[in-house]
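Q: Hi! Could you walk me through this structure? I'd like to start with the charged pairs.

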Amino acid sequence: MKNILINILLLTLLAGSNFSCKDDLVYSDLVRDNRPAVPVTFTGATTYGFNPFIVTSLAAGAPIQFTLSIPASSGRTIKEITKIVGGATGINVATLNTATAATAFNPAPIAGSGTTAVFTTTLAAFKAKYPNVATAPVALPNYTEIQFLFLVTLDDGTQIVPTPVRVRIVA
């Protein structure tokens, strides 16, 4: 008899739980994707389900170049890359927000050209700005990564922070 009462109680709770919550697909800001109206992509960067990256060689000393692009169909143009911060892979939007003209990677905004803007630097310039960030590849996985975060201003004054991008440094 005791088992029958427990089973009836569990079935009643199970049936009641089907009607207890209404899913109206309205969620708070904490549980929704934060996607800008105008997406910024990085032409030529590679991604495997994480932040886009480019590969550069420490020995070659090649320049680091990111081309930021927005869709032509957006009706907007890139006015400038207002602010750039760099560092190890732990930088975030708070790092970008607190950066001043002295602590940001770029001392002045970089002008855009239509729907693109190009940021170019070198590992030597990065190391001069951020001397405590490791740029030498480690034994395994045979590379190390540094990261950049951009604040992009469009022609209408809208500011967008695209996804962070990384530079994978190989030997």
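Q: Okay, how many salt bridges does the count come to?
A: The count comes to four salt bridges, a salt bridge being a side-chain nitrogen of Lys or Arg within 4 Å of a carboxyl oxygen of Asp or Glu. Keep in mind that this is a predicted model, where local features need pLDDT of at least 70, side-chain atom pairs count only at pLDDT 80 or more, and totals for chains, interfaces and linings use all residues. Residues are numbered from 1 along each chain as its sequence is written, and side-chain values use heavy atoms, with hydrogens and water left out.

Q: Which side chain does Asp155 meet in a salt bridge?
A: That would be Arg76, at 3.0 Å from N to O. The two link distant parts of the chain, 79 residues apart: Asp155 is in the loop between β7 and β8 (159–160), and Arg76 is in the loop between β3 and β4 (78–87). Strands here are DSSP runs of E with at least two residues, and helices are runs of H or I with at least four, numbered from the N terminus.

Q: And what about Arg76 and Asp156, what distance there?
A: Their side chains also form a salt bridge, 3.4 Å from N to O. Salt bridges that share partners join Arg76, Asp155 and Asp156 into one network.

Q: Nice. Which residue forms a salt bridge with Glu145?
A: Arg168 does, with the closest N and O atoms 3.0 Å apart. Arg168 lies in strand β9 (residues 165–170) and Glu145 in strand β7, so this pair ties together parts 23 residues apart in sequence. Glu145 counts as buried, at 16% relative accessibility.

Q: Switching topic: which peptide bond is cis?
A: The one from Leu140 to Pro141 is cis, with omega near 25°. Pro141 lies in the loop between α3 (123–129) and β7 (143–154).

Q: What's the phi of Asn142?
A: Asn142 has a positive phi of about 70°, although it is not a glycine. Asn142 is in the loop between α3 and β7. For background, most residues other than glycine have a negative phi, and most peptide bonds are trans.

Q: Last one: what's the strand order in the open sheet of three strands?
A: The order is β1-β3-β6, with antiparallel pairing; two strands pair if DSSP finds at least two bridges between them. The edge strands are β1 (41–43) and β6 (116–121).

Technical notes
Buried means under 20% relative accessible area, exposed over 50%, partly exposed in between (1.4 Å probe, protein chains only).
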